[in-house]
There are 2 protein chains.
Amino acid sequence: VDDGERLGLEDSEVVKKFPKIPSMPISADTADTIFRSLEGARVPHEWRDTLKAKVGRVGPGPTMLNFTYQGENKMATIHNVFAVIRGSEEPDRFVLLGNHRDAWTYGAVDPNSGTAALLDIARRYALLMRLGWNPRRTIILCSWDAEEFGMIGSTEWVEQNLVNLGSKAVAYLNVDCAVQGPGLFAGATPQLDDLLVEVTKKVKDPDSEDMTVYEKWTTTNKGISIQRLGGVDSDFAPFLQHAGVPSIDLYYGRDFPVYHTAFDSYNWMTTYGDPLFQRHMAVAGIWGLLALHLANDPIVPLNYLTYTAELQEYTKVLSNLLEGSVTLRPIIASIQQLAAAAKEAEEEVKKLKEQENVGDLLVLKKRILNDRLMFAERGFLDAEGLQGKQWFKHLVYGPSSDLESKLVFFPGIIDAISRSKRTNKTEGQAAIQHEIWRVARAIQRAAYALKGELT
Amino acid sequence: VDDGERLGLEDSEVVKKFPKIPSMPISADTADTIFRSLEGARVPHEWRDTLKAKVGRVGPGPTMLNFTYQGENKMATIHNVFAVIRGSEEPDRFVLLGNHRDAWTYGAVDPNSGTAALLDIARRYALLMRLGWNPRRTIILCSWDAEEFGMIGSTEWVEQNLVNLGSKAVAYLNVDCAVQGPGLFAGATPQLDDLLVEVTKKVKDPDSEDMTVYEKWTTTNKGISIQRLGGVDSDFAPFLQHAGVPSIDLYYGRDFPVYHTAFDSYNWMTTYGDPLFQRHMAVAGIWGLLALHLANDPIVPLNYLTYTAELQEYTKVLSNLLEGSVTLRPIIASIQQLAAAAKEAEEEVKKLKEQENVGDLLVLKKRILNDRLMFAERGFLDAEGLQGKQWFKHLVYGPSSDLESKLVFFPGIIDAISRSKRTNKTEGQAAIQHEIWRVARAIQRAAYALKGELT
């Protein structure tokens, strides 16, 4: 942005973003030394296994720790970098692959493992293009800056391009810490589940002979295990939670011990993370194939029957948390509408696939059906957003304020349930019921968008 | 809505919508009698011409007026009625014609004159359809309920269909009080100006021999006079100000004296308003032709060069209201971006019109260009909306809180200027500058949407 509205370092909007308590990651050894020198209450049970000293205490005193924090309070310019492969037939439909480029320290895992995979995809696509290939839709490789600084790079870009993304983005595929160790982990909005599963069947597993990623993944998890994207962990958040773009997030391994420390280095990667870089190759394979299908398939591979099934699961979990006269009936009714629209769309997809690709009308028919599949996710957005966190417009996936809740869906309802414990019963139940209605209307909007017809 | 969230008559959300002071329109004769019996301060200057008594006073006392108000506080069901002519090639693109059906009293003008015109358009389209015609895009005739009760009919429907309207509505054409007297009045978002002008050249003027509506209209006004749609006067408000759909509002005559009284009757219409119903015919002609072009033209007739010129005019007017260090530079820069995008789009329209209509790629090219023309207006929407009136998302046209302001554009800036008179100078100017930035970003979003490319 060459010439935008600027805030100064002293503006209250800026000042409030900076924490008042400095923090620094330290090694377990250092922590152990500190804890052993402290008195007072014992460390919590959860910490004891990872600390050597079984009897560590958390103070206060008697040790005084001299902590020197050297921070720079300065203006800096950030740079998002894009590579665009223009679609030959529908250049105005966008499939985006994104990964951040800024790192806290060396960042061999976070984010360079993802950046390496992105660069390898660019190399592979370039090979295809030399053979004369061009995608049907536009593919955009995004290298975000300032992810670690509050996802500023991707968020500002999504906000600036909101109309074009809202009307033209088919999907956003995110990879952050591509390789943290063994085993595939994947998160997705549910209409992308089928595509994700199919693609894992086409990529060789990096850690086994003669197995596909799919075989290893489903064996390890005793079935298909796909996470949901309610967290605000990486650059998929603005795409999904603000703009309503179907999204995927991929990585190998999880909870790697050197996260955000100076030990996240090439040395760690070649020693522990991925000595032969096969896991990097697997991520690049899955990621690149996902984008190829989304950019090339005449009918975009988005299946809302899966979404419907997932939403039904949520109502089952939720029903155990409700009491009194609060009812999930509105949500159940709107899921039925979405199911009917999804079934109808599936049949239309089948019919269109059977027809031969000729004639002006058929070209438009495919485009029209693709539009419906693309826009359905936008229905989950609500102009008023989540209560108290209005920027988050998605009522199915977004951050809950209840940090103890393990539920990753319907954050507005989860929050209303938490708040109800601190208010009188009638008011609390009315607030929960209102949030249930809001979610029901969002699902209904998705159903209308998928159906493509006005009421 | 069969099964929606319902508020009760006692809910605070409902109670606060009802005025606490009852009101009733009365004739000038009755008002005159009352004023002549009062003492106290004299009536304001503005009233004196319309009152017979030149020396009327406004009280208090000594007269006591016995005012009996009989209201029903009850739940009622409202009905929007739609007629749909499905588009043959792009059924998922909507051109909407709307008029409300509910009236305060007899409603011969408000709204039946509009309803009569709408019904005549339906009759004319039916004749065309019997000849085998079908529009390229879908035409929807909308008969709204509960307009007089806060535009509830259209507003609820727009909210419920927000995703489909946002992604598929080409334009909304409103007629409320179609005939109030002589002379055409028209309001439009500026990208529709050219089409409106062209259509008035094709319709016979109802009040002159051998003149078109265009000739009479431009002679009367010494040029083309098109109003803007910043008011919240009729059902175009939710379409334009909440959903960002390009809109038009049409009527013959204005400020008719029997507005919202029991004298708005068929007798008044045949005696004063339109004795031979030619003005009704003219409105139906203009309205119906506008929709035909929007639904049939291979390239949708939306011209953003006109919008650019209009926005430039606004900055000139606004510059006289600003002082100190406040600058319009951000808006001027973004208007330049919109101008460049509009120029580019115009050239592409010309090129595409010259090509013959064959081939899959050309079909898609037209659709893609039409999408850009349709989506550009959505760019003016802002997720946070107008300050204190968040439902109003359009930053160019919407209601200002400054009731004395005659300006019908940039309501957020106008409001900030009003507020600045009651705060300290530095804060006031910073607030105005911030609103200027918000408008600049909105215009930039429109430019990006029209260009159709990501930044």
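**Exercise 1.** How many residue pairs are in polar contact between chain A and chain B?

*Solution.* The model is predicted, so local features need pLDDT of at least 70 and side-chain atom pairs count only at pLDDT 80 or more, whereas totals for chains, interfaces and linings use all residues. Residues are numbered from 1 along each chain as its sequence is written, chains are lettered from A and ligands numbered from 1 in the order in which they are written, and side-chain values use heavy atoms, with hydrogens and water left out.

Step 1. A polar contact is a pair of N or O atoms within 3.5 Å; within protein, one must be able to donate a hydrogen and the other to accept it, and residues adjacent in sequence count only if both atoms are side-chain atoms.

Step 2. Between chain A and chain B, 18 residue pairs are in polar contact, both residues being at pLDDT 80 or more.

Step 3. On the side of chain A that touches chain B, H14(A) gives the most, with nine residues.

**Exercise 2.** Determine the extent of the contact and its salt bridges.

*Solution.* Step 1. With contact taken as heavy atoms within 4.5 Å, 51 residues from chain A and 51 residues from chain B take part.

Step 1. The two chains bury about 4200 Å² between them, 56% of it on carbon and sulfur atoms; buried area is the accessible area (1.4 Å probe) that two parts lose on being put together, summed over both.

Step 2. Eight salt bridges are counted between chain A and chain B (side-chain nitrogen of Lys or Arg within 4 Å of a carboxyl oxygen of Asp or Glu). One of them joins B:Arg441 to A:Glu5, at 2.9 Å from N to O.

**Exercise 3.** Classify the ring pair of A:Phe409 and A:Phe410.

*Solution.* Step 1. Rings of Phe, Tyr and Trp (its six-membered ring) pair if their centres lie within 6.5 Å; planes under 30 degrees apart count as stacked, over 60 as edge-to-face and the rest as tilted.

Step 1. A:Phe409 and A:Phe410 lie 5.4 Å apart, centre to centre, with 85° between the planes, and the pair is edge-to-face.

Step 2. Buried means under 20% relative accessible area, exposed over 50%, partly exposed in between (1.4 Å probe, protein chains only). A:Phe409, at 4%, is therefore buried, and A:Phe410, at 0%, is buried.

Step 3. One aromatic cluster contains A:Tyr304, A:Tyr307, A:Tyr314, A:Phe380, A:Tyr397, A:Phe409 and A:Phe410.

Terms used:
Helices (H or I, at least four residues) and strands (E, at least two) are DSSP runs, numbered from the N terminus.
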